[in-house]
Amino acid sequence: MVEGYSQQPSERRSAHYQPTAWNSDFVESLKNHDNTDEIQKQRAEKLKEDVRAMIGDTYANSLTILELIDDIQRLGLSYNFDKDIKRALDKIILSVNGNNVMEDQKIGVHDIALYFRLCRQHGHEVSQALVTTIDDVYDVYGSLDELELFTAAVQRWDIEVVEILPDYMKLCFLALYNTTNEMGYDILKQKGVNIIPHLKRAWADLCKTFLKEAKWCSNRETPTFKAYLDNALVSVSGVLISVHVYFLLTETITKEALECLEKKLHPLVECSSLIFRFSNDLATSKAELERGESANSILCYMHETGSSEREARKHISSLIEEAWKKMNKERVAADSPFEKPFIETAFNLARIAQCTYQNGDGHGAPDNKAKNRVLSVIIEPITLMQRLQHQSNLLATVS
């Protein structure tokens, strides 16, 4: 017997619980001794078919379908309709991309939030290529008054401003707002740093440069070469990409590195953005001239110096070479504020830009060569036999 321990019975508390209602007699009573189970199964299948028909109704309002999917999920029944929900969301995403939903239906903040939540829950990255979408808003869809509103909304970073935006801009702003805040939450959770102010500033700066370009175009104004470049360094989105990449890839976030991204651009960021901008301009200037646009590096240089297009292109190509030299020098610098993964990404951004635009506009107007390059790298599988045959051909060539 352990010292100090009494074997006398102690008084214990009681919760005065009632006897369980789920005893064996009750469970036995649940068993059906007739055809009820089969009838219920048939009724359930009929209801499932009815719901599938409602989800797939091609004449139904898209917002009605979204609310139906939300109700099904809240009831815990979505596992019965996974394929149907995916098909419905695919169709709605296509209609949104084509602006049918924007023009034909009244969109509120609740509806937009519901759309994004459901799409993300089912694996649709609807907010990707936000830079391209916002660029299109400034280049194609928006009037100057609307673009002023959107730029101010991004600078304020207030969800309430959605209500004052045109319908087609609401979706765009909410996608930007939610995606940015979600990334900020993830980084705060992983690294303990609030990056939302930095991301917000990067997006606001980008939108301001887009707005300036829209004004140049509207006023048929050709800026000086320097004014164009100062704006284009940001509008090409290289700085924005660099800011996001820095927070995603860097283990130790430093004040020095942030200053190199936000105050005085580091040569890695500046030069990769220049290569991006110049490569784009060399590929797209002819089409932009035909559209009557007045601001790209080639046009600005021709306007300022009186050079021919051929001379301007040669000058821009020489600036690309100089930018590569500076980048290569920074690659081996011992005092870089950036970690290796970020440095490699800066180089890859410049490489991708030249690859995309070396034979024309491989992004905005891709030809078969550009399409086949993407297919061969990303889509089409490379079998082991193809690799072996390729190696064999190389050996035969060498010998």
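Colleague: What does the accessible surface of the protein chain come to, and what share belongs to carbon and sulfur atoms?

Modeller: The accessible surface comes to about 25,000 Å², with 53% belonging to carbon and sulfur atoms, where areas come from the Shrake-Rupley method with a 1.4 Å probe and, for residues, only the protein chains shown count as cover. This is a predicted model, in which local features need pLDDT of at least 70, side-chain atom pairs count only at pLDDT 80 or more, and totals for chains, interfaces and linings use all residues. Residues are numbered from 1 along each chain as its sequence is written, and side-chain values use heavy atoms, with hydrogens and water left out.

Colleague: How many helices and strands are there?

Modeller: The protein chain has 19 helices and zero strands, both being DSSP runs numbered from the N terminus (helices H or I, at least four residues; strands E, at least two).

Colleague: Okay, helix 15, which residues are buried there?

Modeller: In helix 15, residues 297-305, the buried ones are Ser297, Ile298, Leu299, Cys300 and Tyr301; buried means under 20% relative accessible area, exposed over 50%, and partly exposed in between (1.4 Å probe, protein chains only).

Colleague: And what sits just after that helix?

Modeller: Glycine 306 does, and takes a positive phi of about 75°.

Colleague: Switching topic, how many disulfides does the structure hold?

Modeller: The structure holds zero disulfides, a disulfide being a pair of cysteine sulfur atoms within 2.5 Å.

Colleague: Is cysteine 271 buried or exposed?

Modeller: Cysteine 271 is buried, with a relative accessible area of 2%, whereas cysteine 217 is partly exposed at 37%.
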